[in-house]
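Hi,

Here is the structure I promised to pass on. Have a look at it first, and then read my notes below.

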Amino acid sequence: MRRLLIFFIALPLFAQQPPPAPPKPVQWPPMTEKKLDNGLTVVLVPLHNVPKVECDLSFLAGRGSAVAQLAARVLPEGTATRSSKQIKEELRAIGGDLSVNTDPDSTTITSSALSDFTPRLFEIVSDIAQHASYPKSEVELAKTNFANEIEEERSQPDFLAEEQLAKAVYGAHPYGFTVPDPKALPKVTASSLKEFAAARYVPNNAVLIVVGDIEPGAAFAEAKKAFGGWKRGAAQPAVPTAFPKREKRTVYFIDRPGSVQSTIYIGAIAPPRKSPDYIALRTADTILGGAFYSRLTRNIRESKGYSYSPTSFAVLRRYAGEVTTTAAVRNEVTGPAILEMLYEMDRMRVEPVTKEELDSAKTYSNGTMALELESQAGFAQRIRTLYIYDLPRDFLTTFSEKINALTPADIGNAAAKYFDTYRGAIVIVGDYKAVKAQVAPFGDVVVVK
Amino acid sequence: MRWTLLAVLLFASAAMAKDVDVPVVYYRLGNGLKVVISEAHAAPTVTVAVYYGIGFRVEPKGQTGFAHLFEHMMFQGSAHVKKAEHAKIVEQNGGVMNGSTRLDFTNYFETLPSNAVETALWLESDRMRSLDVNEENLKNQQNVVSEEIRVNVLNQPYALFEWLDIWQAANQNWYNAHNFYGDLHDVEAAKIADVRQFFKTYYAPNNAVLAVVGDVDPAAVRPMVEKYFADIPLQSVPERPDISEPKQTKEKRLTETDKLANVPAFAMAYHVADHDSADFAPTVLLDLILQGDDSSRLFQRLVKEKEIALDWAGGINFELGNEFDYDGPMLMVSRATYKPGHGGAEILKEADAVVHDLQQHGVTKKELEAAKVRFRSNFYSQLESTFGKANLLASFALFNDDPQRINKVVAQYDAVTAEQIQSVAQRYLVPENRTSIDRVPEKK
């Protein structure tokens with residue numbers, strides 16, 4: 001009985017949610033940007049959460065060909081003076097990690113180490129960037145392993161859906177290229193990779209971002225020492241900026257017999273990241289499905305129980321982007337789930353968002369931007385977007401002001417423009433025989449081979 | 001400029017690297033709730049986390065997946081926070097939230113701008129005090145959890161065999177050897193009375209740790225904790241059942257076929273020493289030397305020299321957490337996908353060659369030093385976010401009643417010797433202590 005009594009007394013005290021203390025303005029760490037004579041942009045940001053450092057060297061060289069992807073993959077596998085194994089052993093000895101990743105716009109050497117060893121890390125990254133040797137044995141191993149990895153990725157429903165959606169949205173543009181045909185890999189030569197590296201991995205096509213437990217002046221001196229002697233390269237080839245216009249909604253079905261779920265992606269083209277629509281579009285996406293307390297989650301998960309993680313994202317890149325709504329649902333509810341997804345996208349275009357929804361999305365956007373300061377790698381990634389997408393350098397300091405100025409009409413306009421359910425693509429990966437009848441009502445169905 | 005000097009040493013000693021000192025305020029409320037507060041001001045954020053001492057390892061027999069299903073129910077409403085409002089309130093305050101079920105705890109946490117710390121404390125206290133759920137919520141979350149199991153397990157190639165299957169194959173005690181994610185049938189059979197009973201049994205303040213980490217003043221947080229948590233009544237929590245694992249005496253080799261995979265995969269697991277054993281720290285460093293990164297012995301042998309595996313990954317508490325956030329029998333797991341045309345027996349042969357070499361010749365001084373630097377660097381990464389730090393502090397409080405341990409770990413690992421590592425390899429990395437699964441694509 002004692003428990004009940006305490007519980008009862010407790011009620012009036014704590015029934016109300018306590019109001020938060022006034023928000024503290026975020027103190028963004030100072031960002032120092034310098035240019036070396038060879039054209040390399042160096043950005044230094046102190047972030048003293050742990051005695052580590054993140055060092056990312058990013059090139060404007062997208063993943064749009066087999067050569068681009070293999071050149072990146074073999075890049076850290078040997079230099080004129082270090083074998084692949086030596087590089088990895090030296091990294092371990094400084095608590096270091098290093099990987100090379102490609103995305104539609106860029107190739108990045110992502111690395112980190114204990115901050116005591118910052119100069120050592122710079123020296124290794126610089127050696128890889130300047131003197132990658134593309135040893136024949138490493139190239140051959142990478143070709144075989146990459147072909148097998150592509151086969152492995154093609155067994156994953158999300159990979160298949162994303163690959164098809166990129167094709168449907170970007171067409172023949174390099175953004176539509178996700179991975180090479182494994183059969184094309186044997187023909188790639190070591191010399192073509194070396195040529196690609198020599199032409200594209202050059203300082204005047206790169207930005208070096210250093211975030212962590214550093215003193216910017218000293219770190220810059222070390223960076224200059226490590227990267228200053230790197231030779232400038234030729235001008236870079238232009239990337240096409242034309243994208244196809246879709247005429248109508250189409251359902252692309254990738255048959256994966258034995259699937260116990262339909263993996264659904266609904267997507268359409270979006271503007272470049274630099275677009276003035278960005279702030280409104282990202283906020284519309286937050287309200288639709290970008291946050292947990294979003295319309296998609298409330299409807300498809302918490303009310304109907306169709307899916308574990310329905311979500312939406314607006315991914316805007318240097319030349320264009322995409323807005324995507326996605327959910328993995330059990331076979332029996334494939335049709336009803338697509339209906340609800342389209343409904344929620346259309347509702348964003350038609351009905352104004354409520355003040356409560358918009359206010360929440362604003363606080364959420366501001367708060368989660370500040371949370372990025374909890375990770376050196378995460379914050380470096382944020383800084384990287386300024387350079388890869390050519391954004392104003394005051395992006396972070398003006399973000400809050402721009403978000404806070406949004407009105408429900410701004411959100412409605414962005415949604416009407418980009419949540420294009422009429423010309424968008426619906427990609428489904430699943431068991432075609434099991435769900436065929438459920439998908440037919442949503443448009444012409446193309447079964448992708 | 002200290003680091004410029006250090007840089008000339010190719011393999012500087014780990015002991016020279018900077019130390020981290022995590023401030024820790026630790027105390028217990030009258031109702032038994034353990035409270036850890038740690039201030040950190042690098043970012044204007046805070047994590048509030050509650051760790052309950054109940055994980056999927058000891059969920060009720062015959063109800064696989066129940067601990068996890070229950071975790072979902074903790075977001076379905078409490079006396080003053082209706083269904084879906086928890087997420088709404090956290091996001092309205094600029095934060096993110098989640099929960100997770102692990103071997104030996106279930107955690108609930110929010111990371112948000114630090115001005116909202118009191119709101120987060122209120123939210124956690126409300127559900128610790130007064131879960132309020134009904135049949136309809138349960139039915140909804142049974143559907144959601146079933147979809148979670150489909151999306152993460154049943155509709156995926158490999159189906160998480162490197163933990164879901166290998167734990168079941170390697171262990172004999174049901175508590176260590178059942179389907180932790182849950183059979184769909186069991187998930188669908190759960191009753192609302194079971195949910196209420198589970199809450200009453202395990203979700204007591206005296207079975208929990210509250211961690212508050214970030215941009216806060218501990219002196220200001222203490223009265224808030226008192227206000228929201230002090231009068232939640234303690235309950236009698238049952239003793240943990242016997243989860244000890246009988247010693248494995250014979251090697252186990254299993255083969256599975258995979259309907260969805262295109263490329264074969266392999267996993268193996270050795271039973272390892274208990275947390276509190278002198279063998280444990282050497283085991284962690286041994287693991288790093290064998291498979292801690294791309295310079296490690298197994299990666300180099302299997303991926304680079306023999307060109308059999310496409311990748312190699314592994315660790316202690318692999319894919320479920322880290323070397324500190326559990327409390328009970330444990331496995332060191334390895335996982336690889338490999339080139340078609342090879343087989344699990346071949347991988348075992350090569351892995352054994354690596355292990356035999358280490359058992360016979362030990363590790364070099366350079367290798368030992370590098371492993372210690374690797375350990376330190378990985379450990380610092382865990383301290384980077386307020387959540388990562390909260391996870392360690394809460395685990396040390398829950399399992400060791402000693403969150404200060406966070407500041408003793410690095411020195412403890414720096415003291416490990418090459419002889420200890422060799423000895424651990426000789427005693428634990430033997431075939432009769434090992435289980436492996438060769439997972440091959442079904443013929444199409």
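Let me start with a helix in chain A: the buried residues of α16(A) pack against β7 (250-255), β8 (261-270), α11 (334-350), β11 (425-430) and β12 (444-448) of chain A. This is a predicted model, in which local features need pLDDT of at least 70 and side-chain atom pairs count only at pLDDT 80 or more, while totals for chains, interfaces and linings use all residues. Residues are numbered from 1 along each chain as its sequence is written, and chains are lettered from A and ligands numbered from 1 in the order in which they are written. Helices (H or I, at least four residues) and strands (E, at least two) are DSSP runs, numbered from the N terminus.

The buried residues of α16 (432-439) are A:V435, A:Q438 and A:V439 (buried: 20 or more other C-beta atoms within 10 Å of its own; exposed: 12 or fewer; C-beta atoms placed from the backbone). They fall within an arc of 85° seen down the axis of α16(A), so they line one face of the helix (the arc is that of the directions from the helix axis to the C-beta atoms). A:K433 and A:A437, on the other side of α16(A), are exposed.

Now to chain B. Its domain assignment gives domain 1 (20-229) and domain 2 (252-441), with bounds from an automatic or database assignment. Each domain of chain B brings 39 residues to the contact between them (contact: C-beta atoms, placed from the backbone, within 7 Å). On the domain 1 side, α6(B) gives the most, with 8 residues.

Best wishes

Key. Two residues are in contact if their C-beta atoms, placed from the backbone, lie within 7 Å.
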